[in-house]
Amino acid sequence: MKKLAAGNWKMNGSLEVLAELAKLEIRHKESTVDVLICPPAIYIQPALSLFSSISIGAQDCHMYQSGAYTGNISAEMLADLGVNSVLVGHSERRIDHTETDSMVLQKALAAQTAGIKPIICIGETLNQRESGQTLNVIEKQMNGSLHKDLTSYPFVIAYEPVWAIGTGHVPSSQQIAEVHNFCRNYLEHNFHEIAANTPLLYGGSVKGSNAKKIFAIPNVDGALVGAASLKVDDFSSIIEALEKS
Ligand code: PGA
């Protein structure tokens, strides 16, 4: 399985940042890992014309193909542009837009129908972790947002503890390993034929300084990177750590 370094810009960045990040194409020309950047939707088209070896993804898609859904973008439209991946169920979408597991599943299926790989995000809150609920929450999210129909097309899972996102607090290696092993076992049990080839990303305060340690954890096949994916040197050192892992 090819490892993946995915950048989630959230509502950050600019055309200038995009042009700066194009340096990654030279630095990681012959990369052994996949590199993906998910800028805000408005920057997808310019990103596609600027990048060739780095893939461009979206941060969300609607669950329906078309219709009266003002302000939304469908997976078909993303595919039309040449987008190959889309984040679904990021905790900021789940919290700010009250997205449920079943909406996340509908979006993942819509993406696959359009020929786009969904990156399905899951993760517990601090409260849930502190009350010992982490694996129950992860199992519930996977039960709700994964479906046997997904197996006909590749997908990616990103484990992002909500309390680690943008906080600088990274779980211990044991905590990450526990969840990633749980996810791999879940896939082996429920999606046996694709389990070994479904990348499991870790996300939440990944930096150049902690990437090597995180990528040494079993069943961590890459990262979903927020803030550090907007700076060439920071993202480059994460990609390099993944290439060497
Ligand atoms: P962060 O964000 O790397 O800034 O913590 C990760 C994410 O939300 O995907």
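The protein exposes about 11,200 Å². Carbon and sulfur atoms supply 52% of that area. The model is predicted. Of its 245 residues, 50% are buried.

The secondary structure comprises 11 helices and eight strands. The radius of gyration is 17 Å, close to the 18 Å that the globule rule gives for 245 residues, so the protein is as compact as a globular protein of that length. The C-alpha trace spans about 45 × 45 × 35 Å along its principal axes. Contacts between residues at least 6 apart in sequence were also classified by separation: 72% of them join residues at least 24 apart.

One helix pair was examined in detail. Two packed helices are described by the angle between their axes and the distance between the axes. For α8 (residues 134-145) and α9 (residues 173-190), the angle is about 35° and the axes lie 11 Å apart. The crossing of α8 and α9 is right-handed. On the α8 side, the contact involves Thr134, Leu135, Ile138, Glu139, Met142 and Asn143. These residues meet Glu178, Val179, Phe182, Cys183 and Tyr186 in α9. By class, the residues of this contact divide into seven nonpolar, two polar and two charged.

Backbone torsions were considered next. Most residues other than glycine have a negative phi. Lys10 has a positive value, with phi near 55°. Lys10 lies in the loop between β1 (4-8) and α1 (15-21). Thr98 is not a glycine either, yet its phi is positive at about 40°. The loop that holds Thr98 runs between α5 (91-96) and α6 (101-113). Thr98 has a relative accessibility of 61%. The cut-off for exposed is over 50%, so Thr98 counts as exposed.

Gly204 also sits in a loop, here between β7 (200-203) and α10 (208-215). Its relative accessible area is 5%. Buried means under 20%, so Gly204 is buried. Residues up to four places away in sequence aside, Gly204 touches Glu160, Ala164, Ile165, Val170 and Leu224.

Notes. Residues are numbered from 1 along each chain as its sequence is written. This is a predicted model: local features need pLDDT of at least 70, side-chain atom pairs count only at pLDDT 80 or more; totals for chains, interfaces and linings use all residues. Side-chain values use heavy atoms; hydrogens and water are left out. Axes are lines fitted to C-alpha atoms, for helices over the stretch in contact, and angles run from 0 to 180 degrees between N-to-C directions. Helices (H or I, at least four residues) and strands (E, at least two) are DSSP runs, numbered from the N terminus. A crossing is left-handed if the near helix is turned anticlockwise from the far one by less than a right angle, and right-handed if clockwise. Contact means heavy atoms within 4.5 Å. Ala, Val, Leu, Ile, Met, Phe, Trp, Tyr, Cys and Pro count as nonpolar, Asp, Glu, Lys and Arg as charged, and the others, Gly among them, as polar. The radius of gyration is taken over C-alpha atoms; the globule rule is 2.2 Å times the number of residues to the power 0.38. Buried means under 20% relative accessible area, exposed over 50%, partly exposed in between (1.4 Å probe, protein chains only). Accessible areas come from the Shrake-Rupley method with a 1.4 Å probe; for residues, only the protein chains shown count as cover.
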